[in-house]
Amino acid sequence: MSMSCCIFMGNVTRDLEVKHVGQNKTAVCEFGLAVNRKYKVNNELREETAFLDLTAWGKQAEILAEYVHKGDPLLVQCSVKQENWTDKEGGKRSRITFN
């Protein structure tokens, strides 16, 4: 048995916009989240930021787009998915997305 679950807390990087896709016109909302991490190296405090691309579907997408705005803090629980494809030059590409 395996499970894919991540929890991130950060700030929304852009205003959310809902699109409707497919025959059923399912709501989908793609948005960005900036997640900061602070750590010490030789007593020097450092900070790094990871920028994540996330996707919400259905009613959840509609609610997020209505109430969440750029700069808002947001706690997200999501699953991880790896996408693989071949680019125009024939190279193999992949990325991890969060749904």
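Visitor: Leaving aside neighbours within four places in sequence, which residues is Thr 55 in contact with?
Guide: In this predicted model, Thr 55 is in contact with Val 28, Cys 29, Glu 30, Phe 98 and Asn 99, once neighbours within four places are set aside.

Visitor: Which strand does Thr 55 lie in?
Guide: Thr 55 belongs to strand β4, which covers residues 44-57.

Visitor: And is Thr 55 buried or exposed?
Guide: Thr 55 counts as buried, because its relative accessibility is 16% and the cut-off for buried is under 20%.

Visitor: What share of the protein's residues count as buried?
Guide: 25% of the 99 residues do.

Visitor: Switching to the fold, in what order do the elements run from the N terminus?
Guide: The order is β-β-β-β-α-β-β-β, with one helix and seven strands in the protein.

Visitor: How does the radius of gyration of the protein stand against the globule rule?
Guide: The radius of gyration is 16 Å, well over the 13 Å from the globule rule for 99 residues, so the protein is more spread out than a compact globule. Its C-alpha trace spans about 55 × 40 × 35 Å along the principal axes.

Visitor: What about contacts between residues 24 or more positions apart?
Guide: They account for 49% of the contacts with a separation of 6 or more.

Visitor: Now rings: how many aromatic pairs does the structure hold?
Guide: Zero aromatic pairs.

Visitor: OK, then what lies over the face of Tyr 39?
Guide: Arg 37 does, at 4.3 Å from the ring centre.

How values were computed
Residues numbered from 1 in each chain as written. Predicted model: local features only at pLDDT ≥ 70, side-chain atom pairs only at ≥ 80, totals over all residues. Heavy atoms only, no water. Phe/Tyr/Trp six-rings, centres within 6.5 Å; stacked < 30°, edge-to-face > 60°. Lys NZ or Arg CZ within 6 Å of the ring centre and 35° of its normal. Helix = DSSP H or I, 4+ residues; strand = E, 2+ residues; numbered from the N terminus. Rg over C-alpha atoms; globule rule 2.2 N^0.38 Å. Buried < 20%, exposed > 50% of the residue type's maximum accessible area, 1.4 Å probe, protein only. Contact = heavy atoms within 4.5 Å.
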